[in-house]
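Reader: Please show me the chain. I would like to go through its packing and backbone in turn.

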Amino acid sequence: MDGVPPLIDQYSHGAVHGELGLGSFESHLAGAVGAHGPAPAGTSYFDSFTGLAIRRWCPPLLGLEPHCPPACYLARRREVGAYQAGRLLLRGSGIGTFLLEAGTPSELTSATEMATAAEARAHEVVRLEPLAEQVADTSGSVDSFIGNTAEALYAAGQHATAFASGAGYCDGHAPEAGEVRRAADRWLRARRPGDRLTEPALVRHLLWSAVATGLPVQLHCPDPQRLAAFLRATTGIGSDLVLLPAAPHHRRAAQLAAAHAHVYADTGPHPEETLPHAPFGKLLFSSGARGLPELYVTGARFFLRAMERLVREWTGEGVCGPEDGRRITGMIASGTARRVYRLGAETA
């Protein structure tokens, strides 16, 4: 879309290292389309909307014609080499700044590696639950766990751009110290190395502690309505909250963002569903990409094409002029993220 600055991708996990054969590429593509197991006999996960989008927008970045057969595309990918193919795809995505969730598996690029490969900016977002799990691995008592968690959260806040949590529910009150101690004791006694943090009181404690730092906090919430009391209670504290809901809850997330000055929402894959429900300055783009660098390309293209169609419709009906359309798109594409995550005027 002409006149739109490089995108700021507010949420993703990084890209894979190394070569990908048909089977491993299909495995990553299956995850992207929400599928499990092999594709039905005689088909491929390229036979999906995401697969079609990869075949449309990624081959030209590797010197091929759009819509080339999957086997031809993967052969070209191997010919170019995984590292160079990743560089070409990421640099052709139109994304100028990446916010990557830290602590992702080692087979995925770190923020530093992503910045180099994409020739862009990259920042870390620290997920709270894995942070506490790492602390638990080296803490021998409840007191040391609580103290070390506080220290780890403070240390992370010195370099992180934001925190993130998968809390599906949080009420309007921070848990009391005794409740936190009892929850920590229950979890540490039952826990084995590698177990995920699922103790609700500890998750709430982490969330309130992160808000107290003043950094933005991303909330990966299947249904954002379950966080409504928490959103109300954190008004005026000084930390912005960004809702990243699961489908089909993007519209409700936009409505909650409109209702609270410190709350923002991800536009999701269909911005036309969220724009009518919140001021444009409360919405942000993300690709949600994980694994395949192609998913950064398709995520950016889906967003820009959707915005282009919407702006064309609005200008055709006289709702806004072309300049307003470009300004609104730029706001959601990068402007609001730059403000919320305090990225200044940085450009790739």
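Reader: Leaving aside its neighbours within four places in sequence, which residues is Leu295 in contact with?

Author: This is a predicted model, in which local features need pLDDT of at least 70 and side-chain atom pairs count only at pLDDT 80 or more, while totals for chains, interfaces and linings use all residues. Residues are numbered from 1 along each chain as its sequence is written, and side-chain values use heavy atoms, with hydrogens and water left out. Contact means heavy atoms within 4.5 Å. With neighbours within four places in sequence set aside, Leu295 is in contact with Ala32, Thr50, Ser287, Ala289 and Arg290.

Reader: Is Leu295 buried or exposed?

Author: Leu295 lies in helix H13; helices (H or I, at least four residues) and strands (E, at least two) are DSSP runs, numbered from the N terminus. Buried means under 20% relative accessible area, exposed over 50%, and partly exposed in between, with a 1.4 Å probe and protein chains only. Leu295 has 9% relative accessibility and therefore counts as buried.

Reader: How many Å apart in space are Leu295 and Ser12, C-alpha to C-alpha?

Author: In sequence, Leu295 and Ser12 are 283 residues apart. From C-alpha to C-alpha, their separation in space is 9.8 Å.

Reader: Which residues have the most contacts inside the largest nonpolar core?

Author: A nonpolar core is a set of buried Ala, Val, Leu, Ile, Met, Phe, Trp, Tyr and Cys residues joined through side-chain atoms within 4.5 Å. The largest one has 91 residues, and its largest share, nine residues, comes from helix H13 (residues 294-316). Those with the most contacts inside this core are Tyr73, Phe163, Leu219, Phe230 and Leu231.

Reader: Which residues does Phe230 touch, not counting residues up to four places away in sequence?

Author: Phe230 is one of the residues with the most contacts inside the largest core. Beyond four places in sequence, Phe230 touches Cys170, Asp171, Gly172, Leu207, Trp208, Val211, Leu219 and Leu241.

Reader: Which residues does the second, separate core include?

Author: This core is separate and has 14 residues. Its members include Val125, Ala162, Leu244 and Tyr264.

Reader: Which elements do the buried residues of H6 pack against?

Author: Helix H6 (residues 128-137) is mostly covered, with seven of its ten residues buried. These are Leu128, Glu129, Leu131, Ala132, Glu133, Val135 and Ala136. The elements they pack against are strand S4 (121-127), helix H7 (142-157), strand S5 (162-165), helix H8 (177-190) and helix H9 (200-212).

Reader: Which elements do the buried residues of H5 pack against?

Author: In H5, the buried residues are Ala111, Met114, Ala115, Ala117 and Ala118. Their packing partners are strand S2 (14-15), helix H4 (82-91), strand S3 (95-101), S4 and H13.

Reader: Where is Arg342, and what is its phi?

Author: Arg342 lies in the segment after helix H14 (322-340). Its relative accessible area is 48%, so Arg342 is partly exposed. Not being a glycine, Arg342 still has a positive phi of about 55°.

Reader: What is omega for the cis peptide bond that joins Ala247 and Pro248?

Author: Pro248 is placed in the loop between strand S7 (241-245) and helix H11 (250-259). The bond joining Ala247 and Pro248 is cis, with an omega of about 10°.

Reader: Why is the chain said to be as compact as a globular protein of that length?

Author: The secondary structure of the chain comes to 14 helices and ten strands. The radius of gyration is taken over C-alpha atoms, and the globule rule is 2.2 Å times the number of residues to the power 0.38. For 348 residues the rule gives 20 Å, and the chain is as compact as a globular protein of that length because its own radius of gyration is close to this, at 21 Å.

Reader: What percentage of the 348 residues in the chain is buried?

Author: The C-alpha atoms fill a box of roughly 65 × 50 × 40 Å, taken along the principal axes. Of the 348 residues in the chain, the buried ones make up 51%.
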